[in-house]
2 protein chains.
Amino acid sequence: MSLVVLKFGGTSVGNAEKIRHVARVIADVAEQGNRVAAIVSAMGKTTDGLVELAGELVENPSGREYDALLATGEMVSAPLLAMTLTSMGYPAVSLNGQQAGFVTEDLHNRARILEINTGRVQHHLDKGEIVIVTGFQGINSKGDIATLGRGGSDTSAIALAGALGADRCDIYTDVDGVYSADPRVVPEAVRQDDITYIEMLELARVGAKVLHPRAVETARNANVRIRVRSTFDPDNPGTLVSTYGTGGGSEGGQGGEGQSRAVSGIAADKKQVELAMTHVPDQPGIAAQLFGALASNNISVDMIIQSVRQDDNTNDIAFTVDQTDLQDTLTLLEKVKADMGSGEIYYETDVAKVSIVGVGMIDRPGIAADMFKALAQANINLKMISTSEIKISCLIDQAQADDAVRALHRQFFPEAANDEPKLVDAKVGY
Amino acid sequence: MSLVVLKFGGTSVGNAEKIRHVARVIADVAEQGNRVAAIVSAMGKTTDGLVELAGELVENPSGREYDALLATGEMVSAPLLAMTLTSMGYPAVSLNGQQAGFVTEDLHNRARILEINTGRVQHHLDKGEIVIVTGFQGINSKGDIATLGRGGSDTSAIALAGALGADRCDIYTDVDGVYSADPRVVPEAVRQDDITYIEMLELARVGAKVLHPRAVETARNANVRIRVRSTFDPDNPGTLVSTYGTGGGSEGGQGGEGQSRAVSGIAADKKQVELAMTHVPDQPGIAAQLFGALASNNISVDMIIQSVRQDDNTNDIAFTVDQTDLQDTLTLLEKVKADMGSGEIYYETDVAKVSIVGVGMIDRPGIAADMFKALAQANINLKMISTSEIKISCLIDQAQADDAVRALHRQFFPEAANDEPKLVDAKVGY
């Protein structure tokens with residue numbers, strides 16, 4: 001008898017009718033002879049409503065109180081789902097984060113899970129009950145409720161699957177898997193049958209929104225096999241995320257048997273901002289000061305270019321950050337500028353980062369050249385480039401982002417262009 | 001430095017603006033040099049919304065899941081109130097029922113509080129923090145959330161005040177105290193400065209909705225002095241409920257110094273139903289069987305009349321129950337009738353029970369006669385009568401209930417008729 005952990009997101013349980021549907025999906029998994037624990041998110045826009053309510057009252061609520069407030073969303077959906085299953089003849093119990101043994105670090109709004117004491121979950125599973133657990137939350141050493149931040153419910157599910165030694169963790173969402181590109185931009189994008197953790201991690205970091213990077217990291221660390229699949233098409237196997245990708249796309253994949261594809265996904269991130277500081281004196285330690293200050297303020301810097309001006313022997317430093325970090329970054333830059341007594345600050349939000357990701361590019365020189373060529377043929381100028389072992393990113397004009405993704409898809413998934421375009425739900429999770 | 005427990009009902013925290021007002025009321029009490037713990041109910045109609053949601057999914061939800069669901073209402077209002085107070089410069093923390101140490105019996109929907117482990121509440125009070133506690137809930141021996149049923153938040157507040165040894169417990173609501181009668185029916189009704197537990201208990205039982213009987217019982221057992229006062233008129237001292245009433249109404253009270261009034265309150269309950277079983281064989285044990293069955297089904301029977309038919313030597317048994325218990329009562333009566341093989345069942349919902357309550361009537365013979373005379377002069381027929389030491393109730397036609405209350409008020413509060421009618425909020429809690 002297998003043990004599986006399922007996870008259902010907020011859109012999957014948005015109203016009574018959808019909760020009934022999710023209960024049916026869970027019941028079917030149980031009927032297949034599985035023991036089942038399911039993590040559930042808050043119903044639809046519940047959490048947004050709570051955020052708004054707090055916003056009407058307080059500008060900067062204390063993390064402790066904010067977490068106690070936000071955690072109630074899942075505490076509504078979980079008992080509703082449990083009582084529905086029970087009424088259908090599948091005995092179920094709901095457990096909140098504390099009851100399910102989720103212990104977090106003493107941090108609010110984006111706490112990490114330290115451990116899961118699975119005794120109570122196991123007890124109910126052993127009794128043959130389906131266990132519904134509130135996602136996104138746990139309890140810290142002070143006995144206070146802590147939430148896990150964005151992507152928290154995915155992380156809850158994967159961590160629970162790891163702690164229980166579950167056979168798999170199925171993440172049910174409103175898309176039916178991980179695609180080679182956002183199907184709203186590239187209609188012929190192919191659903192991947194499988195993908196590696198490291199590719200999924202990079203794709204998540206560069207803009208694919210199917211899974212949050214922290215959730216993928218948790219899966220990789222605990223070696224939990226994830227299946228991303230659709231709540232509304234539960235017979236579709238979706239995409240398997242695990243240590244080994246087989247390299248075959250679901251339809252017309254490029255790699256044959258034993259031969260992995262070079263690129264497994266293409267993503268665009270339009271929420272980047274390019275910053276530049278020019279005429280920086282060519283002194284040792286200036287860059288260290290700047291990026292040290294950014295790092296200690298928890299601002300992730302992605303692309304970095306430093307260039308020397310021949311005329312006055314000063315440097316220009318350019319880099320990108322998330323748009324959400326723009327104001328904090330500007331404040332820090334102003335401070336660095338004041339310390340130096342020179343320099344000019346520029347920024348540009350009208351940019352996008354397009355990236356190709358694939359473990360196959362490790363053994364294949366020339367993938368970068370193929371990427372630049374494809375973009376050049378589409379008349380797209382590159383502002384910055386950054387690479388890692390399995391990823392190449394280019395910063396371009398935002399207006400050209402969709403064209404860039406389509407050009408790259410034609411380059412790296414040439415066979416897909418001949419396929420029939422698929423009908424894809426507009427709410428695809430990219 | 002006094003320690004006070006405050007309680008705010010759902011209408012007091014119905015939206016962001018009202019939460020801000022309640023925070024101000026709490027802050028003012030703290031400013032007066034008090035340590036403050038406050039119990040808060042769910043915002044306005046939140047709980048009704050949750051009930052409706054569950055009703056869309058399941059006909060008879062399990063008590064455990066239903067309680068987990070309903071308890072979330074207070075888990076929203078409590079952190080909102082705490083963060084608001086903190087932002088105003090009054091450090092506050094919210095605690096849910098479990099965190100605040102409320103241990104209940106292993107029963108759902110209407111669990112009783114077994115004990116309160118006040119360690120954590122005390123810890124935060126000692127740090128000079130205002131402690132906001134979710135009303136209506138606790139945790140049972142299984143670690144499951146249990147709710148306390150109707151009037152639960154009042155009971156939470158009073159029990160917490162008792163456990164903390166608080167100096168007083170102020171129940172803030174949408175009325176400014178306990179009146180001699182429902183001011184919507186009797187405009188000249190007088191607010192009582194004080195009233196005894198036993199009177200308040202009887203008034204609550206016979207239809208006054210200011211406090212739930214269980215809350216008053218809890219106060220009497222723990223000897224907690226309750227003040228019923230208005231959230232929207234916090235300078236008004238309201239009504240003190242304690243062991244000793246001084247017998248003076250707030251305005252033109254009847255009792256002088258050292259002389260208690262005969263009647264302290266008049267109430268009508270329109271949610272009663274009169275049932276009758278006729279032609280019951282005159283055998284010993286029939287009544288015991290009937291009322292034993294009702295009692296073991298948790299149905300409270302109030303007035304009982306048994307009369308003998310001279311013609312066939314059978315009995316007629318008539319009694320009243322709450323309308324909510326009508327269906328269960330009829331089912332039981334049908335069963336008793338089947339067992340006996342005879343009898344007819346009748347019921348009438350178009351009735352009301354009007355009652356006068358007062359500890360002063362113990363020493364004053366003739367109060368009952370005064371009541372019957374006043375009702376007779378108003379042309380109101382009595383269907384049933386029941387009395388206790390400090391209460392006399394009459395069952396009458398429902399259409400005459402308001403007239404009856406007014407006639408009784410003229411009889412027992414004659415001086416009030418000369419007062420100016422007061423402007424009373426329409427949402428008065430009767």
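Guide: What follows is a close look at one helix, then a helix pair and a chain contact for context. Keep in mind that the model is predicted.

Start with helix H11 of chain A, residues 367-377. Its buried residues are Ile367(A), Met371(A) and Leu375(A). Viewed down the axis of H11(A), they fall within an arc of 70 degrees, so they line one face of the helix. The general rule is simple: an α-helix has 3.6 residues a turn, so residues three or four places apart point the same way. What do the buried residues of H11(A) pack against? Their partners in chain A are strand E18 (351-357), strand E20 (391-397) and helix H12 (401-412). Now turn to the other face. Away from the buried side, H11(A) carries the exposed residues Ala369(A), Ala376(A) and Gln377(A). Just after the helix, Asn379(A) adopts a positive phi of about 60 degrees.

H6 (residues 152-164) and H8 (residues 213-222) of chain B pack at an angle of about 5 degrees, their axes 8 Å apart. H6(B) and H8(B) are therefore roughly parallel to each other. On the H6(B) side, the contact includes Ile158(B) and Ala159(B). On the H8(B) side, it includes Ala215(B) and Ala219(B). By class, this contact has five nonpolar, three polar and two charged residues.

Last, the chains themselves. Their contact takes 28 residues from chain B and 28 residues from chain A. On the chain B side, H4(B) gives the most, with 10 residues. That side has 17 nonpolar, eight polar and three charged residues.

Technical notes:
Residues numbered from 1 in each chain as written. Chains lettered and ligands numbered in written order. Predicted model: local features only at pLDDT ≥ 70, side-chain atom pairs only at ≥ 80, totals over all residues. Axes fitted to C-alpha atoms, helices over the stretch in contact; angles between N-to-C directions. Helix = DSSP H or I, 4+ residues; strand = E, 2+ residues; numbered from the N terminus. Parallel < 35°, antiparallel > 145°, perpendicular 65-115°, else oblique. Contact = placed C-beta atoms within 7 Å. Nonpolar A, V, L, I, M, F, W, Y, C, P; charged D, E, K, R; others polar. Buried ≥ 20, exposed ≤ 12 C-beta atoms within 10 Å, placed from the backbone. Arc of directions from axis to C-beta.
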